[in-house]
Amino acid sequence: MTDSTTEPSSGRDRLRELLDAVLDEDNARLSEMARYAHASPFHFSRLFARDTGESPVALRRRVLLERAAWQIGQGTSVTDAAFAAGYGSVEGFTRAFARAFGHPPSATTSGSGRWLPAPNGVHFHPPIHLWVEENPRGRPGMDLTALQTHHDVDDTARLIALAADLPEQDYRRVWEPGRTVLAWDGPEGSIAAALDRLVRSKEVWLASIGGEDFPGQGPDDPASLRARHEVAGARWIAAVDDIGRRNAWGDRLIDALCDPPESFLLGGVVAHVLTYSAHRRQSVRHMLRAAGVEVGHGDPLEWLQERHGAPDRHRTPNERGDTT
């Protein structure tokens with residue numbers, strides 16, 4: 001007696017045929033995938049899920065997001081990547097991308113990890129191929145380090161944007177005389193100085209990790225800080241992602257930028273940056289409030305709600321961009 005759910009062996013690569021049906025550029029809907037495979041939608045879905053552990057629509061969406069991440073890392077615009085992935089709007093694509101990867105498309109760099117967890121190990125492999133992992137990774141729980149890293153970068157960008165609207169004298173005024181976070185960084189009692197340290201700390205540590213020369217001091221006006229932060233923030237996210245992907249938290253960095261050179265654990269470096277960045281961001285908030293600027297709490301809980309489409313009731317009118 002033959003099990004009616006078992007496909008007879010025909011010498012064909014049936015899984016390859018199923019994947020072709022799902023990933024063909026013209027097969028955006030389940031009905032089109034099934035028609036390509038000469039099956040009913042019900043039978044096609046059941047067969048595909050049995051063989052891959054994932055629904056046809058879910059696998060197509062995931063692989064196209066992986067392709068979009070690679071394309072953006074290669075210089076494709078977010079808009080072009082969004083429509084190539086089958087999304088009807090950039091906003092919808094951005095939300096889906098952020099939920100999947102934990103960061104917005106704009107934070108994607110050529111060094112960022114682009115594979116999402118998959119029960120079957122099937123992934124996009126550039127430029128147009130597929131790759132199948134021998135030991136597929138399951139979907140992990142929340143990656144706390146990634147959450148903190150992305151929140152730090154996003155929140156710093158928000159604070160720089162708010163500071164850009166300040167008069168020059170308030171931006172450079174020493175609101176907290178003598179405030180020094182780390183002795184070797186010097187006083188940072190102004191909004192300008194604290195924001196500069198937020199960006200520069202990443203620039204310096206990235207140079208250490210990459211074996212680069214000590215970076216020169218960049219300009220600290222808001223427009224220049226925004227440009228510096230866009231570069232350093234994206235590189236920092238990629239660096240932390242790479243450390244996590246390689247599970248290299250315990251690797252040692254010999255920091256030749258120190259005199260004399262010192263040895264640091266990579267995990268300690270990331271913890272150091274996150275700790276003092278959080279402290280500085282809250283200090284900037286206190287100074288912005290003293291300057292009369294409405295600024296939210298910088299709470300990761302509120303940030304996550306906002307990113308996942310919850311109402312942004314916790315944000316101030318300035319941060320939401322309200323004009324009424």
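**Figure 1. Ser190 and Ala193 in the predicted model.** The backbone nitrogen of Ala193 lies 3.0 Å from a polar atom of the Ser190 side chain. This is a predicted model. Ser190 sits in the loop between α8 (168-172) and α9. Is Ser190 buried or exposed? Ser190 counts as buried, because its relative accessibility is 8% and the cut-off for buried is under 20%. Leaving out residues up to four places away in sequence, Ser190 touches Tyr171, Arg172, Arg173, Val174 and Met287.

**Figure 2. Helix α9 against helix α11.** Two packed helices are described by the angle between their axes and the distance between the axes. Helix α9 covers residues 191-210, and helix α11 covers residues 266-290. Their axes come within 8 Å. They cross at roughly 170°. Angles over 145 degrees count as roughly antiparallel, so α9 and α11 are roughly antiparallel to each other. The crossing of α9 past α11 is left-handed. On the α9 side, the contact is made by Ile191, Ala194, Leu195, Arg197, Leu198, Ser201, Lys202, Trp205 and Ile209. On the α11 side, the residues are Leu266, Val269, His272, Val273, Ser277, Arg280, Arg281, Val284, Met287 and Leu288. How many residues of each class does the contact of α9 with α11 have? There are twelve nonpolar, three polar and four charged residues.

**Figure 3. Helix α9 against helix α10.** Helix α10 covers residues 222-245. The axes of α9 and α10 come within 9 Å. They cross at roughly 40°. From α9, the contact takes in Ala192, Leu195, Asp196, Val199, Arg200, Lys202, Glu203, Trp205, Leu206 and Ile209. From α10 come Leu225, Arg228, His229, Ala232, Arg235, Trp236 and Ala239. Sorted by class, the contact of α9 with α10 holds ten nonpolar, one polar and six charged residues.

Figure 4. Arg200 belongs to helix α9. Is Arg200 buried or exposed? Arg200 is buried, because its relative accessible area is 13% and buried means under 20%. A polar atom of the Arg200 side chain lies 2.9 Å from the backbone oxygen of Pro215. Which residues does Arg200 touch, not counting residues up to four places away in sequence? They are Phe214, Pro215, Gly216, Gln217 and Arg228. One of these, Arg228, also takes part in the contact of α9 with α10. Arg200 and Gln217 are 17 residues apart along the chain. Their C-alpha atoms are separated by 7.9 Å.

**Figure 5. Helix α4 across helix α6.** Helix α4 spans residues 56-73, and helix α6 spans residues 90-101. Their axes come within 11 Å and cross at roughly 100°. Angles from 65 to 115 degrees count as roughly perpendicular, so α4 and α6 are roughly perpendicular to each other. In α4, the residues that meet α6 are Leu65, Glu66, Ala68, Ala69 and Ile72. Their partners in α6 are Phe93, Ala96, Phe97, Ala100 and Phe101. The contact of α4 with α6 has nine nonpolar residues, no polar ones and one charged.

Figure 6. Gln74 is found in the loop between α4 and α5 (78-84). Gln74 counts as exposed, because its relative accessibility is 51% and the cut-off for exposed is over 50%. Gln74 and Thr108 are 34 residues apart along the chain, with C-alpha atoms separated by 9.5 Å. Asn120 is placed in the loop between α6 and β1 (122-125). Asn120 is buried, with a relative accessible area of 13%. In sequence, Asn120 and Gly53 are 67 residues apart. In space, their C-alpha atoms are 6.4 Å apart.

**Figure 7. The whole chain.** The protein chain has 13 helices and four strands. Of its 324 residues, 43% count as buried. How much of the contacts with a separation of 6 or more comes from residues 24 or more positions apart? Such residues account for 58% of those contacts.

Technical notes
Residues numbered from 1 in each chain as written. Predicted model: local features only at pLDDT ≥ 70, side-chain atom pairs only at ≥ 80, totals over all residues. Heavy atoms only, no water. Axes fitted to C-alpha atoms, helices over the stretch in contact; angles between N-to-C directions. Helix = DSSP H or I, 4+ residues; strand = E, 2+ residues; numbered from the N terminus. Parallel < 35°, antiparallel > 145°, perpendicular 65-115°, else oblique. Left-handed = near helix turned anticlockwise from the far one by under 90°. Contact = heavy atoms within 4.5 Å. Nonpolar A, V, L, I, M, F, W, Y, C, P; charged D, E, K, R; others polar. Buried < 20%, exposed > 50% of the residue type's maximum accessible area, 1.4 Å probe, protein only. Polar contact = N/O pair within 3.5 Å; in protein donor to acceptor, adjacent residues only side chain to side chain.
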